[in-house]
Amino acid sequence: MGSTGSIGTQTVEVINKHPKLFQVVGLAANSRFDLLLQQIKKFQPKMVCIGQGASGHPAIDELKAPFKLVRGPRGLKQLASLAGADMVVNALVGSAGLDPTLAAINAGHDVALANKETLVAGGQLVMRAVKRKKVRLLPIDSEHAALHQCLEGRDPSTVKNLILTASGGPFRSHSAKQLHSVQAQHALNHPTWSMGRKVSIDSATLMNKGLEMIEAHYLFGIPPERIKVVIHPESIIHSMVEFNDGSIIAQLSTPDMRLPIQYALTYPSRLPSLVKDCRLDELGQLTFHKPDKMTFRCLDLAYRAIESNGIMPAVMNAANEIAVESFLNGRIGFLDIPAVIQKTMGKFAAGGKISLDKILAADSRARDTAREIINAIIKMKDRR
Ligand code: NAD
Ligand code: MG
């Protein structure tokens, strides 16, 4: 799911590297339909799901192939629960990935998850379903793939802290004053990773690390206060686990998403990969420092959201999705992103029991609230 995106196309590269191991039975995309057509031709899937963006695309509209064509959110759920599949790779963007992830788990499929927003919005539901259906949920996010490797075979009671590394993004050493005028095209220029537009902005605001902290909390059952963040601009250490005795175990590799993708797809095997060897003697030095939480406020907002629990992480995530989209469209400034999220969160009550319906309703209401707040910000700026 999301086969034409950054993670999706790299998943295809991993599959092409090991053609005997994998058979692609389904594809879903909502952009780059020419590429989707090539993928359909190559893999001959049983089912293809296209999003709303495909309407009017001539080649897609004329598709009369020997596969089932499904559409939109319902189509994604149908695809995710396709009979005969072993694993679903979720490389969609945003909380739109939650429902299909649950559908995949409920159908008994293992899930390789890049779509972190799924766990931020509905982590409790997803982990409960994973337990109930006894399926595997393997993270593709590089930090969580690293933690998965560092934690493997360990007694959870020996773990003191999880340490997430963050590159710090393109504005790592910017002051708040400098951040005031940065534009989308600057934020899309990531120093160590080439990624989709939304996650690139999340990286620049540090919201990505906030989302990943919540993702790690659900995946590994460690309380948020024991999940730390350290800035590591070289992106060689992908995350670490600190144990009770003071030992820290880290996972290192060349920064290349094809490694965590392959790890998730082939776990527990370790096969040769497309990733360049990590030559430590050529790297020089690895550096670390504290995140600037005062300037990059999104990280603290994520800690606050998970402390409030209930629907709040879903609210924060939805507000972030809307704020990032508005920043990408040039409607609001970079520093408006945390302001929109904070204001949106302020309109929702903390805590409470959750269900899928409650989460989806909160997600939708938070989007409306964030849009109203953005309109008010734009009006205020116009008046000045
Ligand atoms: P992207 O924007 O490059 O790709 C998204 C894909 O999903 C595209 O194929 C798009 O067409 C498809 N899609 C979106 N909405 C859809 C819908 N409603 N129906 C069908 N298809 C739909 O994004 P990306 O950078 O590949 O990121 C995907 C996820 O992985 C995000 O959650 C991101 O945070 C996470 N992630 C990405 C990276 C990375 O290096 N790109 C690293 C770690 C985690
Ligand atoms: Mg990551």
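Donors are N, O and S atoms within 2.8 Å of the metal (3.2 Å for Na, K and Ca); water is not among the atoms, so sites may look incomplete. This is a predicted model: local features need pLDDT of at least 70, side-chain atom pairs count only at pLDDT 80 or more, and totals for chains, interfaces and linings use all residues. Residues are numbered from 1 along each chain as its sequence is written.

**Metal site.** Asp141 (OD), Glu143 (OE) and Glu212 (OE) coordinate the magnesium ion (ligand 2) at 2.1 to 2.3 Å. Along the chain, the donors follow the spacing D-x1-E-x68-E. Aspartate 141 and glutamate 212 are 71 residues apart and link distant parts of the chain. Aspartate 141 and glutamate 212 are both buried (under 20% relative accessible area; exposed is over 50%, partly exposed in between; 1.4 Å probe, protein chains only).

**Cores.** A nonpolar core is a set of buried Ala, Val, Leu, Ile, Met, Phe, Trp, Tyr and Cys residues joined through side-chain atoms within 4.5 Å.

| Core | Size | Residues, including |
|---|---|---|
| Largest | 94 residues | Leu162, Met316, Ile341 (most contacts inside it) |
| Second, separate | 29 residues | Val14, Val48, Ala54, Ala112 |

Helices (H or I, at least four residues) and strands (E, at least two) are DSSP runs, numbered from the N terminus. Leaving aside neighbours within four places in sequence, isoleucine 341 is in contact with Met207, Cys298, Leu301, Met316, Ala319 and Asn320; contact means heavy atoms within 4.5 Å.

**Helix H13.** Leucine 283 lies in helix H13 (residues 280–283). Leucine 283 is partly exposed, at a relative accessible area of 32%.

Definitions and conventions: Chains lettered and ligands numbered in written order. Heavy atoms only, no water.
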